[in-house]
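Here are some exercises to work through with the model open beside you. Try each task before you read its solution.

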Amino acid sequence: MAKILIIGACGQIGTELTAKLRSIYGTDEVVASDVRKGDPAFVASGPFEVVNALDFNQVQSIIEKHKVEDVYLMAALLSATAEKNPAFAWDLNMNSLFHVLNIAKEGKIKKIFWPSSIAVFGPTTPKQNTPQYTVMEPSTVYGISKQSGERWCEYYHNIYGVDVRSIRYPGLISWSTLPGGGTTDYAVDIYHKALSDGKYTCFLSEETRLPMMYMDDAIRATVEIMQAPAENIKIRSAYNLSAMDFTPEEIANAIKKHIPDFTIDYAPDFRQKIADSWPQSIDDSSARQDWGWKHNFDLDAMTADMLEHLAAKAE
C-alpha cells in the first residue's frame, strides 16, 4: 500500500481527509502532520509528526523516514486570514508547494495533491457558470497565491513530469470542524448559531451567491482525483469543482424548514468585498468528463445532515 503524508492535517479539510484515507488504506499507512499538535484525540488516532511546511529539510526527512509515496499538501492561510498577514500568507502558500514539488522532481515521491480554490478568479471573471478556462485576475492574497500555485503545478508537470493533481474548491461546509478563516465560513457558522442561539448575524449580504460544497463531497473528490489513472487527469493546473450555489437568505430558508423560529440579519464586513470578486456558480464539466466527478449533496440534503450531526454532537 502507498504510504501517504498529509501536511496541514489539523486544518478544516485535513482532519476529515486523514480519517477518510485511513479508512481506505489503513491507519498506519497515512501519516498526519502539522506545524503543531491539534486535538489530542486526533493526534493519538494514528501516526502523527510535527512538521513545519516551510522547512524543506524537515519535510524531506519525514518523507524519507516513512517511505512516503503520496503527499497531500493541505497547509495554507485562507482568504480572510491571509488579508491580515499578506507576507506570511504568500510565504506559506507558495514555499510549502515549492518544497513538495522539488522533492517530487527528484523522484522521491510519486504523487502530489495540492488544493486550489475559486479564489483564483477575480472581479473580471464571468460570474455565472464560470468556465474552466477564463479570465483570472484574483484580487486577494490567497487568490494570487493559488493562481500562482496552479501555474507552477502545471509547469512542474510539463517540464519535469511531476504527477501533481489539484481541484478548485468552492466554499466548504462541515459539521466536524470549526471555520478556518475563509470568506465562505458563514455557511458553517450559521448552522452552529441556528442550534445554539436561534439567530445569526451574517457578515455577507443576503443576496451574495457563492459556489458551495458539503465536506463529504469535497473529501470524496479529493480521494477520487488521486485514485484516477494519470492519463485521465488532463488538466494539471486545477479542475473546477462544483456541487451547489446559494445565498445567505436561501441557506436561512433551508434551516427554517427544521427550525421555524430561526432568524437572520446582515452586517457585511471586509469579507463582502472578497465574496463580490468571486464566481456565483461554476462549470465543472471537465472534472465530470475526465475523472467521473459527481456530487451527492444539495442544499436541503446538506442542511438536514448538518443539523442532525451538530445536534448529536452537542448532546
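A crossing of two helices is called right-handed if the near helix is turned clockwise from the far one by less than a right angle, and left-handed if the turn is anticlockwise. Keep in mind that this is a predicted model.

**Exercise 1. Describe how α3 and α5 pack: which angle do their axes make, and which hand does the crossing have?**

Step 1: find the two helices. α3 covers residues 56-65 and α5 covers residues 86-105.

Step 2: look at the axes. They come within 10 Å and cross at roughly 45°.

Step 3: Anything under 35 degrees would count as roughly parallel, and 65 to 115 as roughly perpendicular. The α3 and α5 pair is therefore oblique.

Step 4: apply the opening definition. The α3 and α5 crossing turns out to be right-handed.

Step 5: see who touches whom. On the α3 side you have F56, V59, Q60 and I63, and they meet H99, N102 and I103 of α5. Sorted by class, the residues of this contact are four nonpolar and three polar, with no charged ones.

**Exercise 2. Trace the six-stranded sheet: what is the order of its strands, and which ones are at the edges?**

Step 1: walk across the sheet. The order reads β3-β2-β1-β4-β5-β7, the sheet is open, and the pairing is parallel.

Step 2: pick out the ends. β3 (48-50) and β7 (163-165) are the edge strands, each pairing on one side only. From one strand to the next, the twist averages 20°.

Step 3: zoom in on one pair. β5, residues 111-113, runs parallel to β7 and is joined to it over three bridges. Here F113 sits opposite R165 of β7.

Step 4: α8 (residues 215-227) lies across β4 (70-73), β5 and β7, and runs at about 155° to β5.

**Exercise 3. Now do the three-stranded sheet: what is its order, and where are its open sides?**

Step 1: read off the order. It goes β6-β8-β12, again as an open sheet with parallel pairing.

Step 2: check the edges. β6 (116-117) and β12 (239-240) have a single partner strand each, so one side of each has no neighbour in the sheet.

Step 3: look at β6 with β8 (residues 167-169). Their parallel pairing runs over two bridges, and S117 stands opposite Y169 in β8.

Step 4: bring α8 back in. α8 packs on this sheet too, touching β8 and β12, and its direction makes about 170° with that of β8.

**Exercise 4. Zoom out: how is the chain divided into domains, and how many residues are in contact between them?**

Step 1: Domain 1 takes in 4-169 + 215-240, while domain 2 takes in 173-211 + 244-314.

Step 2: Taken over C-alpha atoms, the centres of domain 1 and domain 2 are 23 Å apart.

Step 3: 37 residues of domain 1 touch 32 residues of domain 2.

Note on methods. Residues are numbered from 1 along each chain as its sequence is written. This is a predicted model: local features need pLDDT of at least 70, side-chain atom pairs count only at pLDDT 80 or more; totals for chains, interfaces and linings use all residues. Side-chain values use heavy atoms; hydrogens and water are left out. Axes are lines fitted to C-alpha atoms, for helices over the stretch in contact, and angles run from 0 to 180 degrees between N-to-C directions. Helices (H or I, at least four residues) and strands (E, at least two) are DSSP runs, numbered from the N terminus. Angles under 35 degrees count as roughly parallel, over 145 as roughly antiparallel, 65 to 115 as roughly perpendicular and the rest as oblique. Contact means heavy atoms within 4.5 Å. Ala, Val, Leu, Ile, Met, Phe, Trp, Tyr, Cys and Pro count as nonpolar, Asp, Glu, Lys and Arg as charged, and the others, Gly among them, as polar. Two strands pair if DSSP finds at least two bridges between them. Domain bounds come from an automatic or database domain assignment.
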